Amino acid sequence: MFTAALCALGLLAAVCFAFLPGAQRAAAAPAADCTATKGAVVAVDFGPFGGTVQRGCDTTPTTGYELLHEGGFSTEGTQHDGPAFICRIGYGAFNSGTQYPTPDKEACVLTPQATAYWSYWVASAGQDDWSYSQYGAMSRKLKDGDVDAWVYGGTDVEGTTGRPTFSPDDVRPGGGSSPDPSGEPTGAPGRVDVAAAASWLKDGLTDGERIVDEGAETPNYLLTTETAYALAAADGRSDALDKVTSFLAAHVDDYVSSNGKDQPLATAAAARLALLAESTEGDAHSFGGRDLIADLTGNVCTERAPGDGCTAPGDIRGITYADEQARAVLALLRAGEKPDTASVDRLVQVQCKDGGITSILIQPGERCEGDAGTTGLIALVLHAAGGHDDAVAKARDYLTKTQLDTGAFPGYAGSTTGDVITTAYAAQTLRALGETKRAGAAEGWLSRVQLKGGGFGYDQDAVDPTLYATPVAVLAGARTDLATLTTEKSEPTTPPTTTPPTTEPPAPGKGPDLKKGVAYLTGAAQLKQGRYYPVGPGSGRADFGLTIDGAYALAATGLNNARLRGIVDFLDDQGKDGEGRTVNDWTGAGTEYAAGGSIGKTALLAEAVGRDPRDFAGQDLIAALDKAVCPAASTAPDRSCAAEGAYTYAPSVFSQALAVMAQLRAGDKDNAKAPLAYLESLQNDGNGAWPSLIPPTGDSDVDSTAIAAMALDLAGGDQADAAVGKALKWIASKQLPDGGFPGAAGNSVNSAALAVQGLSLDKDTYKKEIDAALKFLAGQQNGDGGFKVAKEGQPGSDLRASTQAVGGATGISFGKLDRSLDGTSAQATPTDDTGGTPQILTPGDDDSGSGGGIVNADGGNGGDGGALASTGVQVTALAAFAVLLTALGWWAVAAARRRVAAGAGR
């Protein structure tokens with residue numbers, strides 16, 4: 001009966017055909033002139049509103065936003081965020097173009113609640129599995145063969161629920177046929193200048209034996225090992241390689257037992273060193289006197305035990321990423337050891353339906369989204385292991401479908417930008433599998449993006465070389481791989497043709513370069529008129545939440561108080577953005593839609609810089625907060641209050657914590673009692689963590705736990721201190737081997753930065769974890785001073801992640817942030833000289849039947865556009881990211897929940 005009921009509501013369209021007698025799928029004729037290889041298709045599921053799945057297309061696809069319009073759909077945004085945040089979608093042939101949800105169900109004043117909104121799903125050409133969009137429709141760049149879907153309902157933080165009930169092939173033109181992957185890339189051939197790249201790497205060695213990050217005192221053993229691989233591939237046995245290998249052998253314990261002799265081993269390090277020994281005619285059983293193979297075989301997980309570093313049976317204990325598991329398996333194979341069957345099977349278990357392989361060692365049933373780099377490396381290892389021909393064949397098909405016309409491979413699903421590391425791994429594997437033409441095309445692309453000094457940047461647009469990308473490109477250029485690399489080669493693959501660089505490339509230090517980070521945050525390309533960050537490229541609309549995040553970062557560092565003063569004055573003086581909006585329009589203070597989290601966030605900034613929160617932007621923000629404290633949970637359709645003690649329109653732990661801190665810092669302790677008690681009640685009694693949303697959904701989130709700990713630390717008292725202690729212990733337990741922390745976007749910059757702030761509440765106890773996290777953050781900083789969203793994410797700088805990284809790296813709690821603006825003066829408004837505004841990311845699917853059929857749109861233009869990942873602005877990988885720094889109004893939290901990048905609503 002449950003299934004039948006859902007079918008009647010149109011909520012299980014695909015399943016209903018199997019369970020309801022006589023259900024017929026509506027015709028799915030090609031939309032306009034699109035085919036499986038030309039144009040992009042969008043499908044919108046009106047099932048929850050008594051309709052069917054409507055389909056449209058764009059023969060010359062540009063963005064997901066334009067695809068909706070070209071496909072015949074109309075959209076409406078929210079009053080608060082404007083058209084960029086999609087709240088309603090309509091289609092002319094369904095109920096005369098009525099847009100849904102209708103006003104009686106959703107006012108579309110603020111961002112819709114997380115359980116009822118238009119979620120955005122995507123599939124690339126050839127893929128038949130949906131992924132929750134990492135981008136809003138305005139920022140998603142489409143290619144021929146892509147498919148988008150919009151579904152009304154809700155999703156969880158990971159995007160594992162609320163998926164379309166139809167597959168991408170169900171809505172592709174031509175009855176679901178996928179693009180033919182047999183077409184080969186058209187990029188010009190070429191050869192990587194291996195010798196020049198090797199020479200550049202040698203120049204980066206300290207004393208010719210090790211890589212030391214700029215500003216650091218200890219070696220970067222990972223990059224030193226990667227450099228050794230490259231030297232072995234380029235020169236074979238050489239004095240330079242011997243010197244590096246000898247250094248690593250002498251410091252093997254420092255690398256493998258970096259956490260201390262009584263702590264768990266860094267098994268990923270043991271695997272890397274074992275592969276080096278095997279590639280240089282050494283003995284992995286006795287490398288520097290250490291049996292690296294025993295380190296691996298002695299740490300095979302027999303059961304799931306997350307607290308013991310075991311995600312599932314077969315994992316190598318302490319390994320989190322699929323590529324690290326693959327290196328461990330390969331190290332055992334090359335040593336002549338038979339890997340545990342479960343360890344090899346784990347590599348197959350992380351293969352997605354489309355053949356791609358995800359970078360995280362996920363559990364069965366978890367959201368799976370592959371990338372070409374991980375797919376390439378793991379397919380190579382499975383090929384070497386034997387017995388997994390089907391998985392290898394699926395991976396090869398995935399790679400052929402993913403390769404761009406240029407010969408390059410994108411770094412993540414949906415990207416059209418060539419990524420060096422991904423392309424290099426894919427090229428190695430394709431060559432090993434006999435796909436020499438495709439491997440040659442990939443190498444040709446690598447040769448074209450090789451920089452003048454010989455090194456490689458992260459992607460095709462890079463101008464600075466990096467030690468992370470160059471070694472793997474060398475292996476591809478030398479036409480070898482980790483399965484076959486050996487020093488028996490005596491000659492370089494190609495002669496030197498370029499001059500080595502005269503200066504060492506930028507490299508991460510022990511912690512991020514905060515001066516460069518601040519320069520990025522305050523640059524004219526980012527900070528419009530020195531006053532605010534816009535919601536997106538070319539927009540005059542202010543992202544007030546992101547602007548306050550930037551102000552927090554500047555206050556924490558004290559490196560540009562003049563620019564900080566400019567932001568604060570703009571907010572305090574009720575400065576107007578390009579659409580005539582002030583910060584009060586964002587907070588809703590004094591209106592029926594007052595957002596407690598946003599009010600608290602603004603008040604906390606005022607307190608941090610010595611302004612009066614009771615007279616800021618013409619508002620008594622503390623009185624507004626007092627008024628925003630909920631006496632009880634509201635009942636539908638009123639969604640203002642999540643619970644007693646929550647704040648109005650602020651359903652996240654992050655917003656709750658910031659508002660509590662604002663009240664406490666203002667001396668408003670009595671009125672803060674109920675919100676503080678509610679915040680305390682949300683802590684998980686078992687592990688000490690906090691969830692991301694209010695009411696709680698059962699998840700445990702690093703970012704929310706860190707911000708809640710800061711609030712309780714400010715509150716003080718035995719009960720609060722005990723709660724903080726449990727929270728910090730849990731945060732420390734979530735640290736990944738590379739120093740990062742898991743977050744909504746993966747190995748997240750946001751999460752690592754917030755973890756630093758949280759752990760710094762007890763810096764003596766967690767010094768080691770803090771140092772490791774700072775080193776991780778340094779590794780995610782780009783040459784322009786900005787930061788990536790996540791380690792495995794796109795390489796470009798992200799403004800939102802950069803605000804958190806810069807401020808978080810100082811370790812200063814929001815509860816204690818204090819920056820005097822004495823000595824500064826009012827700032828003249830500068831002229832914009834943007835040279836292009838940077839992409840802003842947030843953290844980080846004539847019928848009225850109910851059968852859920854698929855109907856083609858007529859290709860007409862429609863409406864006034866927007867998008868959710870569901871908003872039309874950029875979304876990060878997942879919701880927690882948006883919740884982190886920016887999200888402190890109801891709208892922002894909901895956006896975050898959906899991983900929506902709506903620079904629009906915070």
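This section describes selected helices, a sheet, aromatic pairs and a loop glycine in a predicted model.

Residues are numbered from 1 along each chain as its sequence is written, and side-chain values use heavy atoms, with hydrogens and water left out. Because the model is predicted, local features need pLDDT of at least 70 and side-chain atom pairs count only at pLDDT 80 or more, whereas totals for chains, interfaces and linings use all residues.

Helices (H or I, at least four residues) and strands (E, at least two) are DSSP runs, numbered from the N terminus. Of the 13 residues of H25, 12 are buried, so the helix is largely enclosed by the rest of the structure. Here buried denotes under 20% relative accessible area, exposed over 50%, and partly exposed the range in between, for a 1.4 Å probe and protein chains only. Among the buried residues of H25 are Phe654, Gln656, Met661 and Leu664. Glycine 667 follows H25 and has a positive phi, near 80°.

An open sheet is formed by 3 strands in the order E3-E4-E5, with antiparallel pairing. Its edge strands, E3 (73-76) and E5 (99-100), each pair on one side only. Two strands are taken to pair if DSSP finds at least two bridges between them. Strand E4 (residues 88-91) is joined to E5 by 2 bridges, and glutamine 99 in E5 is the bridge partner of glycine 90.

A search of the whole structure finds 18 aromatic pairs. Rings of Phe, Tyr and Trp (its six-membered ring) pair if their centres lie within 6.5 Å; planes under 30 degrees apart count as stacked, over 60 as edge-to-face and the rest as tilted. One of the pairs, tryptophan 121 with tyrosine 132, is edge-to-face, at 5.0 Å centre to centre and 75° between the planes. It links strand E6 (residues 117-123), which holds tryptophan 121, to strand E7 (residues 131-132), which holds tyrosine 132, across 11 residues of the chain. Both tryptophan 121 and tyrosine 132 are buried.

Tyrosine 532 and phenylalanine 570 form a stacked pair, with 5.3 Å centre to centre and 25° between the planes. Tyrosine 532 occupies the loop between helix H19 (514-522) and helix H20 (544-557), while phenylalanine 570 belongs to helix H21 (residues 561-572), 38 residues apart. Tyrosine 532 counts as buried at 2% relative accessibility, as does phenylalanine 570 at 8%. Ring pairs also link Phe46, Phe49, Phe94, Tyr100, Trp118 and Tyr152 into a cluster.

Lysine 788 lies over the face of tyrosine 458, 5.4 Å from the ring centre, and lysine 791 lies over that of tyrosine 321, at 5.9 Å. The criterion requires NZ of Lys or CZ of Arg within 6 Å of the ring centre and within 35 degrees of the ring normal.

Glycine 282 is found in the loop between helix H10 (267-279) and helix H11 (292-297). Glycine 282 is partly exposed, with a relative accessible area of 43%.
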